[in-house]
Every structure is written in structure tokens, then in C-alpha cells.
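Morning, everyone. I'll take a few minutes on one protein and its salt bridges. Here it is on the screen.

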Amino acid sequence: MSAAAKRIIPLLDRVLIQRVKAETKTASGILLPEKAVEKLNEGVVVAVGPGNVTKEGKSIPVGLAEGDRVLLPSYGGSPVKVSSSKEDDFLLYRAEEILAKLQ
């Protein structure tokens with residue numbers, strides 16, 4: 001992860017995710033072309049916002065932490081461009097949009 005991505009601090013219940021890249025080489029060592037490699041719906045949590053606040057002023061924390069592996073929906077999320085990293089794929093999601101936490 002780049003230092004520029006560490007400077008991004010999500011607000012409220014937002015979560016910054018770095019999408020996991022699919023393998024470009026098979027187990028036997030054959031290199032796969034880019035078009036044959038599909039995007040995985042898996043990511044790693046880079047940063048987490050403090051959580052939402054109810055109308056009564058009660059804080060609702062986000063149930064994720066940095067380093068958690070998560071299952072992402074097929075569509076959604078806001079792409080985030082980080083100037084120093086061209087190959088890294090960062091997305092900003094609301095915590096409620098994330099499908100599951102992987103173990």
C-alpha cells in the first residue's frame with residue numbers, strides 16, 4: 001500500500017478497500033493475458049471511518065478493521081485515484097454495502 005493511500009481517512013461509515021488482484025500465472029507457470037483474468041470480488045480494508053451517528057447522538061461503530069479481507073458486491077463503490085499508484089485499485093464503500101468479512 002502506498003503512503004498516499006494512508007493519507008485518505010474515510011468519514012462516517014465509509015471504508016477504503018484495496019481490491020485483490022487475480023493471479024496472472026497458472027499453477028503450471030503459464031502467463032495469462034489481461035483479458036482472460038477476471039476481477040475478483042475480494043478486497044482488503046485499508047482504512048475505516050469512525051462510524052455513523054444516530055439522531056440521538058449515539059455512535060454506531062463500523063464492524064471492520066484495517067487488514068480485514070472482505071467480499072465486495074459486483075457493482076458499486078466509488079473508485080479512488082491515488083497519484084503515486086497506477087496499478088493499485090482503491091474503492092470507497094459504505095460499510096452496509098460490503099457483503100461479508102472473510103476469514
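**Salt bridges across the chain**

Start with Asp 68: its relative accessibility is 16%, and that counts as buried. Here buried means under 20% relative accessible area, exposed means over 50%, and partly exposed is in between, with a 1.4 Å probe and protein chains only.

Before I go on, two notes on the source. This is a predicted model, where local features need pLDDT of at least 70, side-chain atom pairs count only at pLDDT 80 or more, and totals for chains, interfaces and linings use all residues. Residues are numbered from 1 along each chain as its sequence is written, and side-chain values use heavy atoms, with hydrogens and water left out.

What does Asp 68 form a salt bridge with? The partner is Lys 101, and the closest N and O atoms are 3.6 Å apart. By salt bridge I mean a side-chain nitrogen of Lys or Arg within 4 Å of a carboxyl oxygen of Asp or Glu. Lys 101 sits in strand E8 (residues 100-102) and Asp 68 in the loop between strand E4 (59-60) and E5, so this pair ties together parts 33 residues apart in sequence. Lys 101 is partly exposed, at 47% relative accessible area.

Next pair. Glu 42 and Arg 69 meet through their side chains, at 2.2 Å, N to O. Glu 42 belongs to strand E2 (residues 42-48) and Arg 69 to strand E5 (residues 69-71), so parts 27 residues apart in sequence are tied together. Glu 42 is partly exposed at 22% relative accessibility. Arg 69 is partly exposed too, at 36%.

Now Arg 94. Its salt bridge is with Asp 13, with 3.1 Å between the closest N and O atoms. Arg 94 lies in strand E7 (residues 90-94), and Asp 13 in the loop between helix H1 (3-6) and strand E1 (14-19), so the parts tied together are 81 residues apart in sequence. Asp 13 is buried, at 6% relative accessibility. Arg 94 is partly exposed, at 30%.

Finally, the overall picture. The protein has one helix and eight strands. These are DSSP runs, numbered from the N terminus: helices (H or I) of at least four residues, strands (E) of at least two. Of the 103 residues, 28% are buried. Take contacts, meaning heavy atoms within 4.5 Å. Among those with a separation of 6 or more, 65% join residues 24 or more positions apart.
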